[in-house]
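User: I would like to go through some of the labels attached to this model and see what each one rests on.

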Amino acid sequence: MTTTADLAARLRAMPDDELERLVVARRLPAAVLADSGPQHAVDFFDLAEALRSDDAVDAAVERLPRATLLALRDGTAGADALAPAVALGLADPEGAIDDAVAARLAAHPDVVALEPGGPPHPRPAAPGPGSTDEDRERATGAEHAFATMTALAELLRAVDAGAVRELVKGGIGAPLARTLGERVGTEPDVVPDRLALLDRTGLADPGEGRWTVTEDGRVWLRTAWPERWVDLATRWWRSLGPAVHDVLAIADDDLHDLVALGRWAFPAGARWLDAVLLDVAGTAEVLGVAVDGAVTTTGRAVLGGDVAAAAADLPPTVEGVYLQHDLTVIAPGPLSPADDEALRTVADLEAPGLAARYRVSEDSVRRAFRAGTTRDDLLALLDRLSATDVPQPLTYLVDQVATRDGGIVVDVAPDGPGTLVHGTPDQLDLVGVDAELRQLTWDRVDLTTLATPHPPHVVHAALEEQRYPAVLTAAARPVQAAAPPVRRRSAGRTPQQAAHALVERLRLTTERGEAEPEQEWLGRQIDLAVRGKTPIRLTVRMPDGSERPFSIVPTSVAAGRVRGRDTAVDVERTLPLSLVVAVDSEA
């Protein structure tokens, strides 16, 4: 058995990095880790008491595997079985179990009823699938994976456009879920789960209420479909905790009864593990790794990083699209990410999916021009992507918009502040003599270029006000300040940062004081014995320099003295605390 004083001494002797890992693993309440407050840990005794509290012990026991619970309950000293408990501070390296842990184990019905040994939860024998079933499962898995990746890609684009913000209370609202559901082609109630998957895999970040795309997310959007599938699945797999991986190893690709297996492998963990395992089984289906509760051969290969296996099952990309006279664009299959990105510069996605539908409109063509694309570049792009000739209505639309929008290009001056305006000689003749634009103080550089010292966005606004077909190049656009998030989360620390701050504070507390800091440590040990009415052995330095042990049950520590009953001779003793050199528990 170990006591609070024993645990405090063990914590004090730990290296800082090991102690920080212990604090993080035990998931202590924020009030204990805080820098101030009625519950914050002031010294190692406070930390030991927090770790030995009923709630903290129960939370740790829930994370222990079956073999460790049996070793703790039955007092077996197998080093391998006890290792998880030692790592959580529930037992010392010699196998001595904390008495608070023993008490909680004795009161836990799932642990008390635990049968030693025995096989895992009995499972029905799965019939061996034929080649037809396997082919069907692989096709279904690839279909699920493609649908999920399509939805995630559209959500990432919505996030990048600043369209995803959370409510003050957290989460997204129902109207936004409906809007995003229509955009990505899925049900509104599925959208929060897909956003959570983006967060879990590190492709997007909720931030402080306004979602943003991470650099990994931008790379993922530019990646080919097979690599996308492998990257997404492996990111999800790596995000799963060790306990989940243990259960999945027992499941051996059969996900039908994960909850039952989880309760066998972690008998005390039903409160947190059941929901996690249900989510794992559902996400595996969504990612196309599993079909009908079983991991497919391709799913296993994808989790192992096999891009070739993913490419074999996913539908192949198409080389061209069909441009319709009604200005719609039909992709008969998935486009490569590069072609899809190029098409989106001039068309808007209307219906995502395996056969996606886009639409070219006056607004989308104008957007392309304002992004710096010229008329010839735009028509060349459409001609490259089209499996047939570019329809005449589409060419007419491009020409019509080009005459009204994009004829004049406003760019930043290359040699310092100011603006260069490019256009045809006739257009610039009109601009140069326009009385409403005289305040811009034009300088005619050549027949197709005007210069002005004013900023590009000011020049562009003045030209648009006078209805000139002006566009602003990307380099000339002013930097847009990010809008404040709808929800401000507290600037909380990560568990690792909180644990690091706690350990630093405890070290400073232990070292503080101008004289005899060790006496404060000994005094706290004795104070714990007073509160627990437990016998201790005090080693006292005598006047002649010798040391003598006293076994007492302390009753008080005050005014620099320890009072208690000597258990050897049954008398009351008062000993100076300054002469105490060691305190050992006799519990």
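User: Which residues of helix H5 are buried?

Analyst: The model is predicted. In helix H5, residues 54-61, the buried ones are Ala-56, Val-57, Asp-58, Ala-60 and Val-61. They are called buried because each has a relative accessible area under 20%.

User: What do the buried residues of H5 pack against?

Analyst: Five helices: H2 (16-26), H4 (44-51), H6 (66-74), H8 (99-107) and H9 (109-112). Packing here rests on contact, that is, heavy atoms within 4.5 Å.

User: Why is Val-24 called partly exposed?

Analyst: Val-24 has a relative accessible area of 26%. Buried needs a value under 20% and exposed a value over 50%, so Val-24, at 26%, is partly exposed. Val-24 belongs to helix H2.

User: With which residues is Val-24 in contact, leaving aside its neighbours within four places in sequence?

Analyst: With Pro-495, Gln-496 and Ala-499. Each has heavy atoms within 4.5 Å of Val-24, which means that the pairs count as contacts. A related value is the distance between the C-alpha atoms of Val-24 and Gln-497, which is 9.4 Å, although 473 residues separate the two along the chain.

User: What makes up the lining of the largest pocket?

Analyst: There are 28 lining residues, and Ala-25, Arg-27, Arg-63, Ala-87 and Leu-88 lie nearest the centre. Two or more residues each come from H2, helix H7 (79-87), helix H15 (242-251) and helix H17 (270-286). H2 gives the most, with five residues. By type, the lining divides into 19 nonpolar, two polar and seven charged residues. The space in this pocket is about 660 Å³.

User: How many cavities are there of 30 Å³ or more, and what makes a space a cavity and not a pocket?

Analyst: The count is three cavities of 30 Å³ or more. In a cavity a 1.4 Å probe fits but cannot get out, whereas a pocket is open.

User: Which residues are closest to the centre of the largest cavity?

Analyst: Of its 20 lining residues, Thr-150, Trp-225, Asp-340, Arg-344 and Tyr-358 are the closest to the centre. Helices H10 (131-160), H14 (225-239) and H20 (337-344) supply at least two lining residues each, and H10 gives the most, with five. The lining of this cavity holds twelve nonpolar, three polar and five charged residues.

User: Why do strands S7 and S8 count as paired?

Analyst: Pairing needs at least two bridges, and S7 (residues 348-351) and S8 (residues 357-359) have three, so they are paired. The two strands run antiparallel.

User: Why are S11 and S13 called edge strands?

Analyst: S11 (443-446) and S13 (470-472) each pair on one side only, so they are the edges. They belong to an open sheet of five strands with mixed pairing, in the order S11-S12-S10-S9-S13. The twist from one strand to the next averages 30 degrees.

User: How do you know that S10 and S12 pair?

Analyst: Four bridges join S10 (residues 419-422) to S12 (residues 449-452), and at least two are needed, so the strands pair. Their directions are antiparallel. The partner of His-422 in S12 is Thr-449.

Definitions and conventions:
Residues are numbered from 1 along each chain as its sequence is written. This is a predicted model: local features need pLDDT of at least 70, side-chain atom pairs count only at pLDDT 80 or more; totals for chains, interfaces and linings use all residues. Side-chain values use heavy atoms; hydrogens and water are left out. Buried means under 20% relative accessible area, exposed over 50%, partly exposed in between (1.4 Å probe, protein chains only). On a 1 Å grid over the protein atoms alone, a cavity is a set of points where a 1.4 Å probe fits but cannot get out, and a pocket is an open set with protein on both sides within 12 Å along at least five of seven lines; lining residues have an atom within 4 Å of a point. Grid points are joined across faces, edges and corners, and a volume is the space filled by probe spheres set on the points. Ala, Val, Leu, Ile, Met, Phe, Trp, Tyr, Cys and Pro count as nonpolar, Asp, Glu, Lys and Arg as charged, and the others, Gly among them, as polar. Axes are lines fitted to C-alpha atoms, for helices over the stretch in contact, and angles run from 0 to 180 degrees between N-to-C directions.
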